[in-house]
Amino acid sequence: MKVNHSLLSILFLGGLVVFLSGCKTGQRADASKQSSTEVKFSCTTEEHQGQTVPATIANNSEKDKPLTIIHWDPNNNFFGENWTPEKRCEEVSKRLQNIYDRDKLEYLTTDEAQWIKDRKVNVICSVKNDDDDTRCEEDDLLITLETKDDPNKVLDDLIAIREKPSKSRALRRGGKSQPKTFAEGKRVYYDLGSALKKLEKEDSSEEKPAF
């Protein structure tokens, strides 16, 4: 029987293309799996200023040390009697996880809630950018505050990642001097995203032993 070498070549090349495509698809899946985050937020307890307090942490199972984000000092009565430090720690940890999973967790900042029309409510939230016109959205809310407290000070007291505010910006610009308080329009932005990227990143510079 005469063998059609051209047909065999076409079949061979077609099979090779399918095989290589499958390999590339598998590689993309593996790369996607490898790049997917293992960062998880949770509430634990830590020593802080001589006492054991609830703490919101971010943890990567590949890393030895978690990243502490917030210390919930029981001496700071920012949230009223119905919200104990433990309860607030658990709730904010869940909210951080939800925001992070949506890939929107970059900066922590303060603002006045725009979605509440009948009263003034100050909040701490996550925002994607540290631009002047970036406002807190309800889906990115972390904490509601009592009106009597200065939100910038509350956030500074809570935050444990000691990377100082990336910027101190004002919502309102004009001929007046730069605002010095939240009431005048000053907002602070903590760059949580950069800290989380360090937690996510594996150190590829060190060669792993062959055995």
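Glu-47 stands opposite Thr-52 in strand β2. That pair is a handy place to start exploring this predicted model. From there we can follow β2 to its two neighbours, and then step back to view the sheet and the helix that packs on it.

**From β1 to β2**
- Strand β1 covers residues 39–48, and ten bridges join it to β2.
- These two strands run antiparallel.
- Their hairpin has two residues between the strands, and in this hairpin Gln-49 takes a positive phi near 50°.

**From β2 to β3**
- A hairpin of six residues leads from β2 to β3.
- Strand β3 spans residues 67–71 and runs antiparallel to β2, with four bridges joining the two.
- To find this pairing in the structure, look for Ala-58, which stands opposite Leu-67 in β3.

**The sheet as a whole**
- The three strands form an open sheet in the order β1-β2-β3, with antiparallel pairing.
- Because β1 and β3 stand at the edges with a single partner strand each, one side of each has no neighbour in the sheet.
- From one strand to the next, the twist averages 35°.
- Helix α2, made of residues 85–101, packs on the sheet and touches β1, β2 and β3.
- The direction of α2 makes about 150° with that of β1.

**How enclosed is β2?**
- Strand β2 runs over residues 51–60, and seven of its ten residues are buried.
- Buried here means under 20% relative accessible area.

Notes
Residues numbered from 1 in each chain as written. Predicted model: local features only at pLDDT ≥ 70, side-chain atom pairs only at ≥ 80, totals over all residues. Heavy atoms only, no water. Buried < 20%, exposed > 50% of the residue type's maximum accessible area, 1.4 Å probe, protein only. Pairing = 2+ DSSP bridges. Axes fitted to C-alpha atoms, helices over the stretch in contact; angles between N-to-C directions. Contact = heavy atoms within 4.5 Å.
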